[in-house]
Number of protein chains: 2
Amino acid sequence: MVKLIALYKHPEDKEAFNEHYFNTHAPITAKIPGLRKMEVTKILGSPMGGEGEYYLMCEMYYDSHKALQAAMRTDEGKASGKDVMSFAGDIITLMIGEEIEE
Amino acid sequence: MVKLIALYKHPEDKEAFNEHYFNTHAPITAKIPGLRKMEVTKILGSPMGGEGEYYLMCEMYYDSHKALQAAMRTDEGKASGKDVMSFAGDIITLMIGEEIEE
């Protein structure tokens, strides 16, 4: 599968971030056509100690590159992208990843 | 579930990295007791274009924090940690993450 990975650095105001993320952003994103699975991970820190650079990761799975590209062009995909940039544009890293089958 | 996330920046020598990663490191890691699932993702770049900072991600799933901590203390866990530091210590970011159930 192919996934869009969103990696968020620690927000300045975690309470406001969580409020918007879980009550507004995640529900918008969950509606994107073609989305097969969405896995949200709270980053707890480094195994060597310390909280590290990142706060949250969201992985959005699609059947293929074509499906991911098409999803990003839908109204729901655009709404999700616009929303995320409005509250987390300065702390987000977006990556496209391809699962390696072994 | 709880997962150990290994995020690798682009290695200088991708061929040597891949050779070691897939033929030596991944098989050592796959033997760690308690490991439930291992998902390796090739990062293709940013959806906005550009190859981005990261090259590869590996997610190692465990039943709980306790299971992850115990796994890292086994001989196999230590061997995997030692091996990764030998070829990728300068490009790896390790994070412990907890899946958020929605």
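Trainee: How many salt bridges are counted between chain A and chain B?

Mentor: The count between chain A and chain B is four salt bridges. Before we go on, this is a predicted model, in which local features need pLDDT of at least 70 and side-chain atom pairs count only at pLDDT 80 or more, while totals for chains, interfaces and linings use all residues. Residues are numbered from 1 along each chain as its sequence is written, chains are lettered from A and ligands numbered from 1 in the order in which they are written, and side-chain values use heavy atoms, with hydrogens and water left out.

Trainee: What makes B:Lys3 and A:Glu59 a salt bridge?

Mentor: The term asks for a side-chain nitrogen of Lys or Arg within 4 Å of a carboxyl oxygen of Asp or Glu. The closest N and O atoms of B:Lys3 and A:Glu59 are 2.7 Å apart, so the pair meets that rule.

Trainee: How many salt bridges does the rule give over all chains?

Mentor: Over all chains the count comes to 12. One salt bridge joins the side chains of A:Lys9 and A:Glu53, at 3.5 Å from N to O. A:Lys9 lies in strand β1 of chain A and A:Glu53 in the loop between β2 and β3 of chain A, so this pair ties together parts that are 44 residues apart in sequence.

Trainee: Which values describe the contact and the buried area between chain A and chain B?

Mentor: With contact meaning heavy atoms within 4.5 Å, 34 residues of chain A touch 34 residues of chain B. The buried area (accessible area, 1.4 Å probe, that two parts lose on being put together, summed over both) is about 2,700 Å², and carbon and sulfur atoms give 66% of it.

Trainee: Why do we say that the copies meet through the same surface?

Mentor: Of the interface residues of chain A, 100% are also interface residues in chain B, so the surface is the same.

Trainee: Which strands does β2(A) pair with?

Mentor: Six antiparallel bridges join β2(A) to β3(A), with A:Met38 opposite A:Met60. In chain B, six bridges join β2(B) to β3(B), residues 54–62, running antiparallel, and B:Met60 is the bridge partner of B:Met38.

Methods
Helices (H or I, at least four residues) and strands (E, at least two) are DSSP runs, numbered from the N terminus. Two strands pair if DSSP finds at least two bridges between them.
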